[in-house]
Amino acid sequence: MNLLIIGGDERSICLKNILENNNFNTHSLFLNTDKNEIKNLNNFDTIFLPIPFERNSKLNAPFYNEEINPSYILEKLKHFNGTIIGGFDKKSEDFFINENLNFKNILKDETFTLINAIITAEGSIEKLIHESEKSLFESDACILGYGRVGKALARRIDPICNKLIVYNNPSINLTHTRIDNIKSYQIKYFKDHASQYDIIINTIPHLIINSEILDNLNQNTLILDLSSYPGGVDFSYAKKLKIKVIHYLGIPAKVSKYSSSNAIFNFFLKTLK
């Protein structure tokens, strides 16, 4: 079986090693600084694209020495007969559907996203320990959002913080926090409470920590934004106020690349059944 990895971060490099160690004939393009050229893709049975496929409107290929337009890759895939695996937004999904291509969006796989959320939670705690001026034991913290990442993080950080509060909108998620024995409020109350926290962790992927909220924060507050680009913080205003904000993306590739790559490998094995 012939496999091709196009672009990607540390997980793609690790995935290549895992595939080769399991006797899959694996090739790569735009994964490192070598000059690459796409020729006949139908020599391959499965193509792995990055997770996510693009960042800042460019192919997610941080180790390649040139920027690549995602549309270039998509155009080359138009007549591909095999399976495409990657992390895709709606625009890319629509392209694959319109071109009648066989694709698997790993971001919709429950097992992968759960593992990713756990790794993200662990990496976030590690980052907070290194970046916070106070110990977590002495810190009052809050999490904005209670999706997969919010849940995984809350369950792990609650026992080691002085206080943890979760803020979210849907009533069902407030019920989940009660089940998990974690104190929570509706997000509308965050504005009035924000100044009391040493650490604010955002997982909501739209502007939530605006200038009005930032004006009320202590300058020593640490904000960790885990939401996807462009993030949920007014970064320029926070910088003006000298409030420390870290937009921490792609955590599984930074802290637990083997576990995340192995999850991709297991997803690939499921597609073979």
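1. Before looking at how helices pack, here is how angles work: axes are lines fitted to C-alpha atoms, for helices over the stretch in contact, and angles run from 0 to 180 degrees between N-to-C directions. Helices (H or I, at least four residues) and strands (E, at least two) are DSSP runs, numbered from the N terminus. Keep in mind that this is a predicted model, where local features need pLDDT of at least 70, side-chain atom pairs count only at pLDDT 80 or more, and totals for chains, interfaces and linings use all residues. Residues are numbered from 1 along each chain as its sequence is written, and side-chain values use heavy atoms, with hydrogens and water left out.

2. Let's start with a helix pair. Helix H4 (residues 110-131) packs with helix H11 (residues 257-272) at an angle of about 175°, and their axes are 10 Å apart. H4 and H11 are therefore roughly antiparallel to each other. The cut-offs go like this: under 35 degrees is roughly parallel, over 145 roughly antiparallel, 65 to 115 roughly perpendicular, and the rest oblique. Who meets whom? On the H4 side you'll find Thr111, Phe112, Ile115, Asn116 and Ile119, and they meet Ser259, Ser260, Ala263, Ile264 and Lys270 in H11. Contact here means heavy atoms within 4.5 Å.

3. Now look at the sheet of five strands. This open sheet has the order S2-S1-S3-S6-S7, with parallel pairing. Strand S2 (25-29) and strand S7 (102-105) are at the edges with a single partner strand each, so one side of each has no neighbour in the sheet. On average, neighbouring strands of this sheet are turned by 20° against each other, direction ignored. Two strands count as paired if DSSP finds at least two bridges between them. S3 and S6, for instance, pair in the parallel sense over three bridges, and the bridge partner of Phe48 in S6 is Ile85.

4. Which residues of helix H2 (residues 70-77) are buried? They are Pro70, Ile73, Leu74 and Leu77. These residues cover an arc of only 100° around the axis, which puts them on the same side of H2; the arc is that of the directions from the helix axis to the C-beta atoms. Buried means under 20% relative accessible area, exposed means over 50%, and partly exposed is in between (1.4 Å probe, protein chains only). A handy bit of background: an α-helix has 3.6 residues a turn, so residues three or four places apart point the same way. The buried residues of H2 pack against strands S1 (2-6), S3 (46-48), S4 (54-55), S5 (58-59) and S6 (83-86), and against helix H3 (90-98).

5. While you're at helix H3, find Ser92, which has its place there. Ser92 is buried, with a relative accessible area of 1%. Leaving out residues up to four places away in sequence, Ser92 touches Phe53 and Glu54.

6. There is another open sheet, in which six strands follow the order S10-S9-S8-S11-S12-S13 with parallel pairing. Strand S10 (184-186) and strand S13 (244-247) stand at its edges, each with a single partner strand, so one side of each is left without a neighbour in the sheet. The twist averages 20° from one strand to the next. S8 and S9 run parallel and are joined by five bridges; the bridge partner of Cys142 in S9 is Ile165.

7. Helices lie on this sheet too. H4 lies across S11, strand S12 (222-225) and S13, running at about 155° to S12. H5 packs on the sheet, touching S8, S9 and S11, and its direction makes about 165° with that of S8. In helix H5 (residues 148-157), the buried residues are Gly150, Ala152, Leu153, Ala154 and Ile157. They pack against H4, strand S8 (140-144), strand S9 (163-168) and strand S11 (199-202).

8. Lys151 is in helix H5 as well, but at 21% relative accessibility Lys151 counts as partly exposed. Lys151 touches Tyr146, Asn173 and His176, not counting residues up to four places away in sequence.
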